[in-house]
Amino acid sequence: MTHPIFVSVALDVPLLPPLTYKAADGTSPKVGDRCVVPLGKRQEVGLIVGLSDQTDIPAEKQKTYIRLLNETEPLGTTWLKLTKFSADYYQHSWGEVAIAGLPSFFRSKPRPRYLQSLERLRKPFAKKKVTEQQTELSLNDDQRQAVEAVKNSHGFAPFVLHGVTGSGKTEVYLRMMENVFQEKPQAQILFLVPEINLTPQLEARVRAHFPDKVIVSMHSGLANGERARAWLACHEKRAQILIGTRMAIFASLPNLALVVVDEEHDLSYKSGEGIRYSARDLAVKWAQLKSIAVVLGSATPSLETWSKVRSGHYRLLTLSKRAVPGACLPALTVVNPREQKTVKGFCTEVIDAISETLEKKQQVIIFLNRRGYAPVLTCPTCGWLSKCPHCSTYAVYHKYNGRLVCHHCGWSSPVYRCCPDCGNVDLIPMGAGTQRIEETLGQLWPQARVLRIDRDSTLRKNAAKEAFEAVHAGEVDILVGTQMVAKGHDFQRVSLVVVLNIDAQLVSANPRSEERAFANLMQVAGRAGRFGLPARMIVQSRFGDREIFAALAQQNYPRYADYLLGIRKAEWSVPYVSQALLMADATTIDKALGFLEHAKALAENIIEEEHFEGIVVYDPIPMALMKVADKERGQLLVESGSKLLLTKFLRQWYRSLCSVKTTVHWTMDVDPADV
Ligand SMILES: [Zn+2]
Ligand SMILES: [Zn+2]
């Protein structure tokens with residue numbers, strides 16, 4: 001007679017630890033299998049995370065699972081460890097991470113004809129036609145050393161590949177990958193990118209380099225079926241390369257042998273909703289669990305990453321030269337719009353430079369971090385401003401469709417014919433966004449072909465791709481846009497980059513704002529002078545004497561990063577402390593803050609009773625953008641010099657918060673990107 005088997009099943013329910021079920025007769029479950037279980041009146045798909053031949057549950061209360069889903073291989077040990085770690089670290093239940101990380105096909109109850117659907121998902125991927133000609137580039141010394149360092153590494157080895165834009169990072173990634181495949185042809189590689197829509201060039205290059213490998217991608221633009229198919233190909237080891245955005249971090253890659261995180265400083269690696277994980281940080285964790293190398297690449301690594309280079313935890317690989325012969329860095333000039341004559345927001349020096357560039361039939365990039373036509377519409381008579389009725393911010397004027405749009409909650413309305421307060425019909429736009437600059441450029445250089453690239457101009461599928469192709473084909477003279485223009489495109493004839501409106505980022509209350517401004521500036525600077533044209537960069541700013549511009553002029557990221565780290569250390573701020581943010585929203589700010597006061601009291605109790613000295617709990621405050629979509633929001637910051645201590649404390653605090661009866665909606669963000 002066989003003994004009954006009990007399985008412990010992780011479910012996608014907050015706070016719920018894995019539940020015990022009895023295996024149905026004749027089934028042989030394995031850890032990592034999925035199964036359908038009864039949960040109250042519902043049936044849910046859960047993940048088996050443990051097996052046992054005994055249980056404390058009395059026989060009459062034992063429940064049996066309804067169906068074992070073992071038509072696919074069980075999920076692997078390392079994947080289970082990674083999801084468990086993520087759950088513990090980001091304060092969620094294991095199932096919330098593990099089940100939610102699966103494509104919907106694998107996390108929902110099997111539909112009729114489940115097995116046939118599964119077979120369809122296994123349909124092999126057709127080899128994509130390689131359009132790009134593969135030219136074997138020879139590596140320079142820096143590149144060769146970087147490739148060798150990774151090749152010769154053993155076990156867990158975190159690397160930071162720091163290279164200015166145009167220094168040939170992609171070629172280095174490809175060679176690193178090649179070495180992995182040379183040693184283990186069946187190896188799998190995870191290649192994380194910030195936004196898949198902006199990287200068709202990268203994907204094309206990877207495909208051209210590895211025509212014999214099965215390459216799949218994973219990002220939010222995929223239909224459910226496509227995502228399930230890519231997921232299964234990785235899980236069943238049929239795919240060797242996965243290129244994906246942050247969601248790809250929870251893919252199952254049993255033969256994972258190398259992780260690459262491109263543009264590791266990019267904010268999109270941090271999830272802003274649900275489980276607020278950092279795919280970059282989890283990539284390092286995964287490499288650690290797998291004992292493999294991970295390469296974090298960037299021209300401007302995040303300060304978190306840079307501090308680990310300086311402390312010796314990560315090894316630095318530097319690409320100091322631009323890889324293309326003749327490519328040069330643009331010469332920087334900072335002009336103060338307060339001290340120069342300006343025409344429609346452009347300093348005369350900028351206007352002259354644009355005219356000269358256009359005469360030489362070269363291209364200009366104009367970068368500003370603000371989309372829309374004007375950030376606010378105002379009434380000159382009474383001072384009325386176009387506030388969003390649902391947020392504590394302004395609705396942005398979009399001229400092309402004549403609407404006011406709130407960029408925070410999405411509220412939009414046709415532009416008012418007259419001032420709602422005083423009836424004046426002459427409302428005027430204040431400040432400039434990309435649309436207004438586009439219009440101004442058309443007035444100043446009517447013969448120039450101007451193209452705007454931002455989130456509004458690229459809503460249509462493939463719009464971004466087509467726009468960038470137009471730039472490459474030389475059909476555009478002036479490209480104006482938000483940071484979308486700065487991301488990873490090889491523009492051939494750009495010899496002038498102009499930056500407008502950077503000052504708001506330099507005087508922000510957010511300590512990370514300046515760091516991001518620097519990353520933006522470095523990235524956009526890298527768009528110019530790639531193909532041997534001498535290039536210029538002109539920034540309009542009132543703060544020309546700041547350290548940021550001295551470092552930018554030399555394209556000297558280490559100088560600037562070390563300078564910022566010095567400040568952060570003196571101020572005892574991130575990355576020298578670890579933080580968690582408790583955020584609450586309610587119909588009124590008083591309710592939200594009331595809940596946070598209570599949360600603070602609970603935290604202080606735990607600290608006192610459990611001796612969590614070294615945890616600092618701040619006072620609840622309204623968020624910088626207090627009201628969004630009619631919700632008023634407050635926050636409570638907790639920090640500690642010890643990550644380990646903070647994680648332990650958060651677990652207890654989170655549990656006690658969950659037992660608070662409240663109508664206030666709250667979430668916790670560990671390692672918040674903004675505080
Ligand atoms: Zn008015
Ligand atoms: Zn709004």
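1. In this predicted model, strand β19 (residues 403-405) is joined to β20 by three bridges, and the two strands pair in the antiparallel sense. Within this pairing, valine 405 has serine 412 in β20 as its bridge partner.

2. These strands belong to an open sheet of three strands, ordered β18-β19-β20, with antiparallel pairing. The edges are formed by β18 (396-398) and β20 (412-414); each has a single partner strand, so one side of each is left without a neighbour in the sheet. On average, and with direction ignored, neighbouring strands of this sheet are turned by 25 degrees against each other.

3. A second open sheet contains seven strands, in the order β8-β9-β7-β10-β11-β6-β12, and here the pairing is parallel. Its edge strands are β8 (215-218) and β12 (315-319), each of which pairs on one side only. From one strand to the next, the twist averages 20 degrees.

4. At one end of that order, strand β6 (residues 157-163) pairs with β12 in the parallel sense over five bridges. Histidine 162 is placed opposite threonine 318 in β12. Elsewhere on the sheet, helix α8 (residues 224-235) lies across β7 (188-192), β8 and β9 (241-244), and runs at about 130 degrees to β8.

5. Which residues cover its two faces? Ile478 and Val480 lie on one side, Leu479 and Gly481 on the other, and all are buried.

6. Strand β16 (residues 363-367) runs parallel to β23 and is joined to it by four bridges; the bridge partner of isoleucine 366 in β23 is valine 480. Strand β22 (residues 450-453) likewise pairs with β23 in the parallel sense, over four bridges, and isoleucine 453 stands opposite glycine 481 in β23.

7. Turning to the helices, α15 (residues 513-525) has 13 residues, and the distance from its first C-alpha to its last is 18 Å, close to the 18 Å expected at 1.5 Å a residue. Is α15 enclosed or open to its surroundings? Because 13 of the 13 residues of α15 are buried, the helix is largely enclosed by the rest of the structure.

8. One of the elements packed against α15 is helix α17 (residues 557-571), at an angle of about 175 degrees and with the axes 11 Å apart. The two helices are therefore roughly antiparallel to each other. Glu514, Glu515, Phe518 and Met522 in α15 meet Tyr557, Tyr560, Leu564 and Arg568 in α17. Sorted by class, this contact has five nonpolar, no polar and three charged residues.

9. Helix α1 (residues 77-89) and helix α19 (residues 643-658) pack at an angle of about 75 degrees, their axes lying 9 Å apart. Angles from 65 to 115 degrees count as roughly perpendicular, and α1 and α19 are therefore roughly perpendicular to each other. In this contact, Ala87, Asp88 and Tyr89 in α1 meet Lys643, Thr647 and Arg651 in α19. By class, the contact of α1 with α19 has two nonpolar, one polar and three charged residues.

Notes: Residues are numbered from 1 along each chain as its sequence is written. Chains are lettered from A and ligands numbered from 1 in the order in which they are written. This is a predicted model: local features need pLDDT of at least 70, side-chain atom pairs count only at pLDDT 80 or more; totals for chains, interfaces and linings use all residues. Side-chain values use heavy atoms; hydrogens and water are left out. Two strands pair if DSSP finds at least two bridges between them. Axes are lines fitted to C-alpha atoms, for helices over the stretch in contact, and angles run from 0 to 180 degrees between N-to-C directions. Contact means heavy atoms within 4.5 Å. Angles under 35 degrees count as roughly parallel, over 145 as roughly antiparallel, 65 to 115 as roughly perpendicular and the rest as oblique. Ala, Val, Leu, Ile, Met, Phe, Trp, Tyr, Cys and Pro count as nonpolar, Asp, Glu, Lys and Arg as charged, and the others, Gly among them, as polar. The expected span of a helix is 1.5 Å times one less than its number of residues. Buried means under 20% relative accessible area, exposed over 50%, partly exposed in between (1.4 Å probe, protein chains only).
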